[in-house]
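Welcome! Please take a moment to look over the sequence and the model shown here, and then read on for a short tour.

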Amino acid sequence: MAGVPHLQELNDKYRSKGFEIVAVSKEDAGTIQSKLIDAKKVTYGVVKADIGSLYATRGIPHCWVLDADGKCLFHGHPSNVTAANVEEWVKTLAPTKVDKELAKELSGAVKAFDKGEYGKALTDTKAVAAEATDELVKADAAYLEGLIQKHIDMDKAKIEKAAGAGDKVAQAKALDEAAAKFKGSEIGDTWAGESKELKKSKEYKDCAKASEELEKLRPKIEDMAPKSARKALEKIADKYPDTPAGKEAAELAKRYN
Amino acid sequence: MRTLLSLALLCAIGATAAHAVEVGEQGPNFKFDKSWNFDAAITELDQLRGKVVMVESWATW
């Protein structure tokens with residue numbers, strides 16, 4: 001239970017900036033309620049779940065800090081996570097809440113933004129900007145468009161990263177997620193269209209099939225004779241040479257010589 | 001005593017079977033059996049993507 005005030009402090013300072021604590025315990029709900037929620041008055045996120053098989057707890061307490069994509073940035077004792085660390089981490093995030101009062105003409109756009117409906121927010125903001133004569137309203141619209149642009153840049157980077165890796169499945173997934181965030185805007189429609197086209201392509205189908213075949217084979221490999229394991233892997237590698245799963249199969253095949 | 005021993009053995013097996021998430025690796029998703037101080041719509045870790053998330057395992061003991 002040590003460290004509750006530390007976590008509470010981090011929560012108070014950084015939750016509004018996109019830092020979420022998920023304090024996990026597998027104890028029963030009544031115990032969590034009485035010993036933590038009621039007794040310590042914590043307001044950070046607490047959940048009941050058993051993550052022992054997923055996160056291999058090496059002593060309690062232990063924490064893992066994940067970035068916006070779910071990648072682990074740090075793990076260790078929670079007391080080693082300082083406010084300065086969190087400050088650095090949240091700087092990399094695109095804001096999810098409008099952090100200042102904007103002109104009332106933009107209230108609809110601000111509401112949409114705070115709800116994560118960036119497509120609607122973008123379209124509304126552009127409409128307000130086009131009609132505005134007041135310089136202050138124009139400036140506020142430009143500010144909000146800037147916040148939205150950060151999300152566009154982040155999603156673009158994700159899509160490009162997947163595209164650069166030649167992973168068409170990940171690329172389509174990134175496009176779908178971005179299209180959902182930006183539904184109701186031009187860029188959202190563009191992304192939805194690109195995803196649709198991509199899914200029709202032979203490259204996408206090959207990536208999806210290669211990954212499917214490799215995942216089907218993976219759990220069986222260890223029980224196979226090395227020679228058959230190699231043959232099965234090489235078959236995937238030969239069939240889908242330009243896909244991430246095909247390349248992985250080629251690498252794995254080398255182990256069974 | 002026998003139950004204690006088998007319990008200890010089970011724990012040991014559980015500990016080795018679990019994969020330790022290292023820096024640079026993807027943090028696996030998990031569902032919340034129950035949650036406090038979250039919007040009711042948030043029922044699993046993946047729904048917090050887009051934020052910096054600190055998964056902390058703790059116990060009252």
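## The nonpolar cores

In this predicted model, the largest nonpolar core has 30 residues, and those with the most contacts inside it are A:Leu106, A:Phe113, A:Leu144, A:Ile148, A:Phe182 and A:Trp191. A nonpolar core here is a set of buried Ala, Val, Leu, Ile, Met, Phe, Trp, Tyr and Cys residues joined through side-chain atoms within 4.5 Å. Buried means under 20% relative accessible area, exposed means over 50%, and partly exposed lies in between (1.4 Å probe, protein chains only). Two or more residues of this core come from each of α5 (107-114), α6 (118-131), α7 (135-164), α8 (168-181) and α9 (186-200) of chain A. The most come from α7(A), which gives seven residues. Helices (H or I, at least four residues) and strands (E, at least two) are DSSP runs, numbered from the N terminus.

A:Leu144 touches A:Val98, A:Leu102, A:Leu106, A:Ala109, A:Val110, A:Phe113 and A:Thr125, not counting residues up to four places away in sequence. Contact, here and below, means heavy atoms within 4.5 Å. There is also a second, separate core of 25 residues, which includes A:Ala23, A:Ile32, A:Tyr44 and A:Trp89. As a general background, nonpolar side chains tend to be buried together in soluble globular proteins.

## How the model is read

Residues are numbered from 1 along each chain as its sequence is written, while chains are lettered from A and ligands numbered from 1 in the order in which they are written. As the model is predicted, local features need pLDDT of at least 70, side-chain atom pairs count only at pLDDT 80 or more, and totals for chains, interfaces and linings use all residues; side-chain values use heavy atoms, with hydrogens and water left out.

## A buried glutamine and a one-sided helix

A:Gln171 sits in helix α8 of chain A. Is this residue buried or exposed? With a relative accessible area of 13%, A:Gln171 is buried. Leaving aside neighbours within four places in sequence, A:Gln171 is in contact with A:Ile159, A:Ala162, A:Ala163 and A:Leu198.

Next, look at helix α12 (residues 244-253) of chain A, where A:Ala245, A:Gly246, A:Ala249, A:Leu252 and A:Ala253 are buried. Seen down the axis of α12(A), the buried residues fall within an arc of 120°, so they line one face of the helix. The arc is that of the directions from the helix axis to the C-beta atoms. The buried residues of α12(A) pack against α10 (202-221) and α11 (226-239) of chain A.

## Where the chains meet

How many residues of chain A are in contact with chain B? The count is 58 residues of chain A, in contact with 36 residues of chain B. The two chains bury about 4300 Å² between them, 60% of it on carbon and sulfur atoms. Buried area is the accessible area (1.4 Å probe) that two parts lose on being put together, summed over both. In chain A, A:Glu20, A:Val22 and A:Tyr55 lose the most area to chain B, together 13% of what that side buries.

Across this interface the rule finds one salt bridge, a term for a side-chain nitrogen of Lys or Arg within 4 Å of a carboxyl oxygen of Asp or Glu. A:Glu20 forms a salt bridge with B:Lys51, and their closest N and O atoms are 3.6 Å apart. Chain B itself has one helix and two strands, running α-β-β from the N terminus on. Of its 61 residues, 34% count as buried.

## Salt bridges elsewhere

Over all chains, the structure holds 19 salt bridges. One of them joins A:Arg218 and A:Glu248, with the closest N and O atoms 3.0 Å apart. A:Arg218 lies in helix α10 of chain A and A:Glu248 in helix α12 of chain A, so the pair ties together parts that are 30 residues apart in sequence. A:Arg218 is partly exposed, at 32% relative accessible area, and A:Glu248 is partly exposed too, at 34%.

A:Glu251 and A:Lys254 also meet in a salt bridge through their side chains (2.9 Å, N to O). A:Glu251 is partly exposed, with a relative accessible area of 48%, whereas A:Lys254 counts as exposed at 55%. In chain B, B:Lys31 forms a salt bridge with B:Glu44, the closest N and O atoms being 3.8 Å apart.
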